[in-house]
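Please read the following points with the sequence and the model open side by side.

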Amino acid sequence: MRITVMNAYFEPEITPYTHLIADLCRDWASYGAEITVITGIASRGLDEETRVEYLNRTDEYLAPNIRVRRIGPKSKEPTQLWARGLRYLYQTYVQYKTARDTDTDVYFIGSTPPFLGMLGKWLKKKAPTLYTLHDIFPDSLINTGRFTEDSLIIKLGRLMEQFTYKHNTHIHTISEDFKQILVSRGVPESKISLVYNWIDEQVVVPIEKKDNILISRYGLDPGKFFVTHCGNIGHSQNLEMVVDIAADLEEDLPDLEFVFIGDGGTKAELERYIQDKGVGNVRVLPFQPYEDIAHVMSLGDVSLVCSKRNVGTSSFPSKTWSIMSAARPVISSFDLNSELCTIINSANSGLCSDAEDKEGLKNDLLTLYQDRQKAAELGQNGRQYIEKNLTRKEATKKYYDIFTALAERERYNAGSRLEAHTRGISS
């Protein structure tokens, strides 16, 4: 089996999904597949020294059967939306040219950038395509609050979305909510496979605060009760509301500290907001290397999953699995009718309040601040849920089975076409 992976980012870049793509490639290779990864020049989330090092590592083998080809712009990724869009467009073009000339049995196409999925129309002429939907575009832009359905960019996004769904051979998605959105938009259910994202439970393990390397790395006080947010800092996370809660509690609870670990398009704005409010119990730390993920996810006594209203059905924060794997309780400020809240409640792994409900979120934080035993029990419930339902090997094998079915169907169809052509010549 030859699998060509097309994604905007790949390790060592630090994003919420790069470690998942790397896990997939390594596990598929262990099943005997030959993997070619076609991605961009490494830059996101890297220090300057590492970024410069990878400018020359444009074609390398991570293992005998995992080849990584890094192509496209060598400059840093811009922060402006329009500039990033132009960069994505060019990146998509050069990835297509490389993928078109790669011998493969199946293409695995990521949903970032959104242009990438459109390539399925042309690539599937060579081999079947599996489009993996981690982010529903353009809904994700609407969720930032910066665009409406009447915006030109959203109207263009809707056309791209329909084109992508129509022209890829098969679609994979990561939640039941996403699947139902696809069906509501005319995608046949038979064309959709659901495989939840996973967590490597052998890597993301609980670490005691006294052993956590972030404590000494950033001079944190281990005696404090930490509330963490780990991951993207963008428009849809609604972290300003969390800062407001921190300000409300600062005077009465001096041993309570909020720690945001991550990066994103609104990080600078958030830091200015913290500074302007004069809040002293909030720290903002950079993304950490993936090898430290267990320390990152274990730092909090509780960990947050937050969003603005109406984001829940088109977003599924997979970092939730990392929180649960680290045996930390999840404090969710998310649409209550979302699949995320359903899972948290069924697993009894945290507390849920509705998106943008400031008092609800504050009460949940105070509940677990005051009842440390309950917090520990919720965390352990989450760890048990991961071990029973969301292990890495089980998930990556499901993907491989989808590839096998697509490749076998393509071989059958090709054989049928050849047979029909031969009968036509004979007659």
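1. A residue is called buried when its relative accessible area is under 20%, exposed when over 50%, and partly exposed in between (1.4 Å probe, protein chains only). This is a predicted model, in which local features need pLDDT of at least 70 and side-chain atom pairs count only at pLDDT 80 or more, while totals for chains, interfaces and linings use all residues. Residues are numbered from 1 along each chain as its sequence is written, and side-chain values use heavy atoms, with hydrogens and water left out.

2. Thr266 has a relative accessible area of 4% and is therefore buried. Thr266 belongs to the loop between β10 (256-263) and α10 (267-277), where helices (H or I, at least four residues) and strands (E, at least two) are DSSP runs numbered from the N terminus. Once residues up to four places away in sequence are set aside, Thr266 touches Ile233, Gly234 and His235, contact meaning heavy atoms within 4.5 Å.

3. Beyond neighbours within four places in sequence, Lys179 is in contact with Thr173, Glu189 and Ile192.

4. Eight strands form an open sheet with mixed pairing, in the order β3-β4-β2-β1-β5-β6-β7-β8; two strands pair if DSSP finds at least two bridges between them. The edges are held by β3 (59-63) and β8 (192-194), each with a single partner strand, so that one side of each is left without a neighbour in the sheet. On average, neighbouring strands of this sheet are turned by 20° against each other, direction ignored, with axes taken as lines fitted to C-alpha atoms (for helices over the stretch in contact) and angles running from 0 to 180 degrees between N-to-C directions.

5. Within this sheet, strands β5 (residues 106-109) and β6 (residues 129-133) run parallel and are joined by three bridges; Ile109 has Tyr131 as its bridge partner in β6. Helix α3 (residues 81-100) packs on the sheet, where it touches β1 (2-6), β2 (34-40), β4 (66-71) and β5, and its direction makes about 160° with that of β2.

6. On the surface, Leu152 lies in helix α6 (residues 152-167) and counts as exposed because its relative accessibility is 62%.
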